[in-house]
Every structure is written in structure tokens, then in C-alpha cells.
Amino acid sequence: MSNPSLLILPGDGIGPEVMAEVRKIIGWYGANRGLNFDVSEDLVGGAAYDKHGTPLTDATMAKAQEVDAVLLGAVGGPKYDVLDFSVKPERGLLRLRKEMDLYANLRPAQCFDALADFSSLKKNVVAGLDIMIIRELTSGVYFGEPRGIFKEGNERVGINTQRYTESEIERVARSGFEMARKRGNKLCSMEKANVMESGVLWREVVQRIGDTEYPDVELSHMYADAGAMQLTRWPKQFDVIVTDNLFGDLLSDLAAMLTGSLGMLPSASLGAPMANGRPKALYEPVHGSAPDIAGQGKANPIACILSFAMALRYSFDQGDEATRLEKAVEAVLADGFRTADLLGEEGVSPVSTSEMGDAVLKALDASI
Ligand code: NAI
Ligand code: MG
């Protein structure tokens, strides 16, 4: 059997710097765990624009559709601010998500013990926190029609439309229930059924999928505003949350900050299963290209490394190896390794991007 395939798109700014550390880790798995990938690399975002005049070529798009998983660094940067909207670096990423139809965006919020002091919340509220937010990514108010700014009488009106079909709700609900089964068997669905018809339909459909297909999963519903309050009051009450595109955008950012730095946060965006049973998949850190620190060896590679751990778990059925990598990260943090974004404690000096990557490799070595 051939090796599973990975397309690496480092992108711009710190993207290539953090991806270099992931490459080391991919190499480690080949050398030490017999896990070999057919790795190819290509350009996306500003890097692709510089070479091809477009943030994503058709050839790269086609390649992304064929591989078992795509791993992306970050795109964007001030240099590209002057470009027309249609060729901005971010359009490359949006095209990938759209054409691969990646409808389930997985955003874990996990608090590493060593960083519990780093949270804006009290340590006992976040210590041990481990929740998963699933945000619908391809529909809802960011895509619904009609949209635009129109003239109405003698003033203008700005319009966006929250729109969800039953099948769009069904498929992301199933992602939520499947995730719940792999974790604590508990799913909380969030919408605003009290004021939005799309929310009424959302709640009804999620409940039906639960009753008919996942009666073993404990399902609850919450209004999204109350959900935001509960997430800051006592986040550990949740395990898996499923919600729409707009509320998911806000709630996942909120949950992310419960746990500390942007440099720590991975994500996965999954679509429908391909012929080989694996979902279409794109893994990427939550952060952007961090132009303020790009090229200085300061970036924290952990978000990108943990994104690869998610790939091991969700694309390659290597949950144990994913856990091994997460534990290696945990060990490195417990040993006091900190990139500049994680500083705050007295007497700790920062390590560089590659020193952090090397420390994770050492911890992996120690795990076998
Ligand atoms: P950003 O995430 O790039 O940076 C925000 C702040 O966090 C900066 O101070 C940065 O230095 C810091 N930071 C981010 N990642 C870090 C890491 N791994 N290690 C240490 N510090 C880190 O967001 P910003 O500044 O709003 O956007 C910069 C560019 O990135 C823009 O062009 C934006 O459009 C793009 N962007 C791209 C995203 C993507 O590729 N998915 C997501 C967000 C923004
Ligand atoms: Mg956001």
C-alpha cells in the first residue's frame, strides 16, 4: 500500500518558519514510528501571488483535492494590503475551504497545566480544560443571499442573510455527534432559536439527528449568548459544542483565549469522506502570518505542531501517535520552554522557533 499523502502549504510570514518545525516532526515519525507520508510542498497566499500572480493556482487546488490531508501555515501580510480583493492572500485559503467543501471546523480549546497561569481566567477555572468547538464553516450568514449594500429610498441598507438548509445542518450535526462519541459522549448545540427561524430549524434538526442516529449521546441545547456566558463562567461543563458559522466564529475565539496564546491553537477543517474513507481535510494553526515577528525566529511553532497532531488523529487514524505528540508538547512546556509569546514568568528567557521544535523532538525521543 502506498503511503498517505500530505500537501504542505507553508504560505507567508511565520508560516514557513513554523512549518519547518512540523517537517522535522514528520521526519521523526518516519524514522521512529514507521509512519511515512508522501509529502509534497507548494505555494499559497502571498508566496503564490509573488510567483504566479494568484494566491492559489488551479494546479495547487487540484493537488489539494487529491491528497489525504493539507497542512497550511499562514497567509497574508502588509505587503499585500494594496492588492485587489480578488487576489489577496486570504482568497487562497478561502478557495481551499470552499472548493474542498470543508464544512466542519474543529477548534479544540485545551489548557496545558504549565500555562494555566497564562489565562485571563482564574487557574482553577481553566486548569485541565479540554473542549472541542465545531463551527459550521461553509454556510450561514457569511454566505447567504441576498447580501450587499443597497439603496433604499434616500439611505443605504447593508444586508446579510442567515440561511441554513436542513442538509447543511444535518451534516455538521453528525460531525458533532461523531466527535462526542470519540470523547465524553456529550454534545451541546448552540443557536438563537428564541429570535431566529434559522435557529429554530437548527435546533429541530440537531434534535432529530440525535434522537434517530445518536440516542447514546447526551444532547443539550443552549442559546449562543448564554453559551458565551457559560464558557467564561465554567467552561469545564462542556465537552463538544456544535454551532453555526457566525456564532462559532465568536465562540471559538472566545474559548481559545481561555487557554492562553494564539501561538498554541491548532484547527482542523473537515469535509465529506473521500473514496478511501478519509475526510477531505485541511489542518492549520489559528494564528495568522504574524508580520511583526516574521523572519526573526521568534514564532511559536506549537499551534502548527498540534495541527499536525490533529491530522494524525482525524485523517490517519493515529490517535495514539497524536496523543504522543500532544504529550511531548505538554512535557516541553512543563520543562519551562517558552517562546516569546509565552513569556510572563520571571527569570525565563525565550527559546527560538527551532529550539522549541527541537525540544519537542527530544520529548518524542524520550517517549519511546
Ligand atoms: P496574527 O495571528 O498574524 O498575529 C496576531 C498577534 O499574535 C501578533 O502580535 C503576532 O506576533 C502574534 N502571533 C501570532 N501567531 C504567533 C505565533 N505562532 N507565535 C508567536 N506569536 C504569534 O494576526 P494579525 O496580525 O491580525 O494578521 C496578520 C496577517 O495574517 C494579516 O495579513 C491577516 O490577514 C493574516 N491572517 C491570516 C490567517 C490565516 O492564515 N489563517 C488568520 C488570521 C490572520
Ligand atoms: Mg475569527
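Two strands pair here if DSSP finds at least two bridges between them, and strands themselves are DSSP runs (E, at least two residues), numbered from the N terminus, as are helices (H or I, at least four residues). The model is predicted, so to speak of local features we need pLDDT of at least 70, while side-chain atom pairs count only at pLDDT 80 or more, and totals for chains, interfaces and linings use all residues. Residues are numbered from 1 along each chain as its sequence is written, with chains lettered from A and ligands numbered from 1 in the order in which they are written.

Let us start with a hairpin. E11 and E12 form it with five residues between them, and Gly 277 in the turn has a positive phi of about 90°. E11 (residues 266-273) runs antiparallel to E12 over six bridges, and Ser 267 stands opposite Glu 284 in E12. E12 also pairs with E3 (residues 69-74), this time in the parallel sense over two bridges; Leu 71 has Tyr 283 of E12 as its bridge partner.

How enclosed is E12 (residues 279-285)? Six of its seven residues are buried, so the rest of the structure largely encloses this strand. Buried means that 20 or more other C-beta atoms, placed from the backbone, lie within 10 Å of the residue's own.

Stepping back, the protein chain holds 12 helices and 12 strands. Its C-alpha trace spans about 60 × 50 × 50 Å along the principal axes.

Technical notes: Buried ≥ 20, exposed ≤ 12 C-beta atoms within 10 Å, placed from the backbone.
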